[in-house]
Amino acid sequence: MRAGLLLAFLAPAALACELPGGAAQQVKSAATTVVYRTPALKLGAHFAVEFAVCPAPESVRVDAWMPDHRHGMNYKPTVVALGGGRYRAEGLMFHMGGRWEFVFELRSGGRTERLAHSVRLE
Amino acid sequence: MKFWFGLLLTAVQSAHAFSDADVRAVAAHGPWPPAFKADPSNRVSGNKEAIDLGERLFFERRLSSNGEHSCSRCHLPERNWTDGEARARGLALTDRNTPSLANVRLARWFGWDGAHDSLWSQGMRPILDPREMGSSAAQVAKLVRVDADLSCRYRRVFGAPASEDEKVLVDVAKALAAFQETLVSGRTAFDVFRDALVKGDKAGIGKYPESARRGLQIFIGKGSCNTCHVGPAFSNGEFHDTGVPFFIEPGRVDPGRHEGIKKLLSSRYNLLGKYNDDVARSSATGTRHVVLEHRNFGEFKTSSLRNLALTAPYMHNGRLATLRDVVNHYSTISPDRLHSDGEAILKPLKLSEQETQDLVAFLESLQDGGGRYRRRAFVEDCR
């Protein structure tokens, strides 16, 4: 019983990089892991990104851009911390088809780390 | 001889065949027309009596300060709701070309600079603009309160007019929007072809003119025109610098989207404000997150291409007289005229004479014939 309680308390931190509800994309550096999930991407439709960062940073920003076109989105997402290293970014929109890159900007201890992941929208 | 002719025909056909990716790109421009979806920010969107009221108001000259200008003065049904002028003229000459109202309900932003986030807030701008109709909330509210027929129809839709003139003005704009949402262009030769291509209907595919088909392949291929002119309305609804000079006259420039975003965010009529009927404000996501950047200077909204042949002259200032001029613009565009810190999308297409003709033929195939709108005869009195 005691062991069961201990596991319950440890579980949120241990599972921080697993989003509830199934499959997610993963981006890793030597020190950090980001897992994120979007709804099915659709041209010209606002969407939200759910993601988790391990270890949890002090602050986080999310953006996206089209490297081939040299431009970003026309919208600035807002990020809400859900606790336990999990977040939700709202207000993203892809207004063109092609290759987009999600960028997760993570700040901790005065240092910034950027993790990027490419997706393709037809 | 027959054998060689057959081989030649096969070679020509395969040269203009559509790959799976092409079919997906073409399919993305339909189906047409799209189903109606009510605007949650406008409580009378789709309301028949609001549409009737809005149609009357659209042709109502007493909405203007001099009693001579209605919305229909610049938005002529027979010209796909434009006026054929380079720059619109109301009480005075304005800075921009009259945009079409056809399919306007599909837009995300309204006006060349997107200074409005709803069709109803956009509708107030020309009524109040001193260069267009030069009216006021007080004048509009007085007309609705005093004219027996308009007053009766207003009450049927909204109830008794509020004591605040501004609320009545917003209601009038919402009725105007309800009417404009009904302005949907018809099916075109392209739509018939698109549906046939999706179904694999060879007979249907074969009815589309060969020149238009070649033009379509340039549109989705070499030209990458569908990067911005995408979706059923052939517009991504956003803003771009297309190298059209934004000097209005010596010493005066049109900042386009840069100023549009500032106006949007400072407007009390935007979707974050009290006049949005969508209590949850889910319709305000774009307004809440839109961001102002230096590159927005000189950007203008991507126009829909449906019924384009009826809306000359072209671009935000009517600078280009014909469709051929527009194609030539993109064929010879100089990257030096684009923002150095802007997006890297455009490059000169360097089209041959045949390619130019084909692209124009494709654009012309997006025309539904036009002129089908008939103003309804209102025989029923409202008492």
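Me: What should I know before I begin?

Reply: This is a predicted model, in which local features need pLDDT of at least 70, side-chain atom pairs count only at pLDDT 80 or more, and totals for chains, interfaces and linings use all residues. Residues are numbered from 1 along each chain as its sequence is written, while chains are lettered from A and ligands numbered from 1 in the order in which they are written.

Me: Which helices and strands does chain A have?

Reply: Helices (H or I, at least four residues) and strands (E, at least two) are DSSP runs, numbered from the N terminus. Chain A has one helix and nine strands, and from the N terminus on its elements run α-β-β-β-β-β-β-β-β-β.

Me: What is the order of the strands in the open sheet of chain A?

Reply: Two strands pair if DSSP finds at least two bridges between them. The open sheet has five strands in the order β1-β2-β3-β7-β6 (chain A), with antiparallel pairing. At its edges stand β1 (25–28) and β6 (78–83) of chain A, each with a single partner strand, so one side of each is left without a neighbour in the sheet. Neighbouring strands of this sheet are turned by 25 degrees against each other on average, direction ignored; here axes are lines fitted to C-alpha atoms, for helices over the stretch in contact, and angles run from 0 to 180 degrees between N-to-C directions.

Me: How are individual strand pairs of chain A described?

Reply: In a regular strand the side chains alternate between the two faces of the sheet. Strand β3 (residues 47–54) of chain A pairs with strand β7 (residues 86–92) of chain A in the antiparallel sense over five bridges, and A:Glu50 stands opposite A:Arg88 in β7(A). Strand β4 (residues 59–66) of chain A runs antiparallel to strand β8 (residues 98–108) of chain A, joined by seven bridges; the bridge partner of A:Ala64 in β8(A) is A:Phe102. Eleven bridges join β8(A) to the antiparallel strand β9 (residues 111–121) of chain A, where A:Trp100 stands opposite A:Val119. The hairpin of β8(A) and β9(A) has two residues between the strands, and A:Gly109 takes a positive phi near 55 degrees there.

Me: Is helix α3 of chain B mostly covered or mostly uncovered?

Reply: A residue is buried if 20 or more other C-beta atoms lie within 10 Å of its own, exposed if 12 or fewer, and partly exposed in between, with C-beta atoms placed from the backbone. By this count α3(B) is mostly covered, nine of its eleven residues being buried. What covers these buried residues includes α6 and α7 of chain B.

Me: At what angles does α3(B) cross α7(B) and α6(B)?

Reply: Angles under 35 degrees count as roughly parallel, over 145 as roughly antiparallel, 65 to 115 as roughly perpendicular and the rest as oblique. The axes of helix α3 (residues 48–58) and helix α7 (residues 165–180), both of chain B, come within 7 Å and cross at roughly 100 degrees; the two helices are therefore roughly perpendicular to each other. Among the residues that make this contact are B:Leu53 and B:Leu57 of α3(B) and B:Val172 and B:Phe179 of α7(B).
With helix α6 (residues 148–158) of chain B, the axes come within 9 Å and cross at roughly 150 degrees, which makes α3(B) roughly antiparallel to α6(B). That contact includes B:Asp52 and B:Arg56 of α3(B) and B:Arg153 and B:Tyr154 of α6(B).

Me: Where is B:Ser331 found, and which residues does it touch?

Reply: Two residues are in contact if their C-beta atoms, placed from the backbone, lie within 7 Å. B:Ser331 is found in helix α13 (residues 323–332) of chain B and is partly exposed, with 17 other C-beta atoms within 10 Å. Not counting residues up to four places away in sequence, B:Ser331 touches B:Pro348, B:Leu349, B:Lys350, B:Leu351 and B:Thr356.

Me: How many residues of chain B are in contact with chain A?

Reply: The size of an interface is often given as the accessible area lost when the parts come together. Counted in residues, 17 of chain B are in contact with 16 of chain A. The largest share of the chain B side, four residues, comes from helix α12 (residues 285–289) of chain B.
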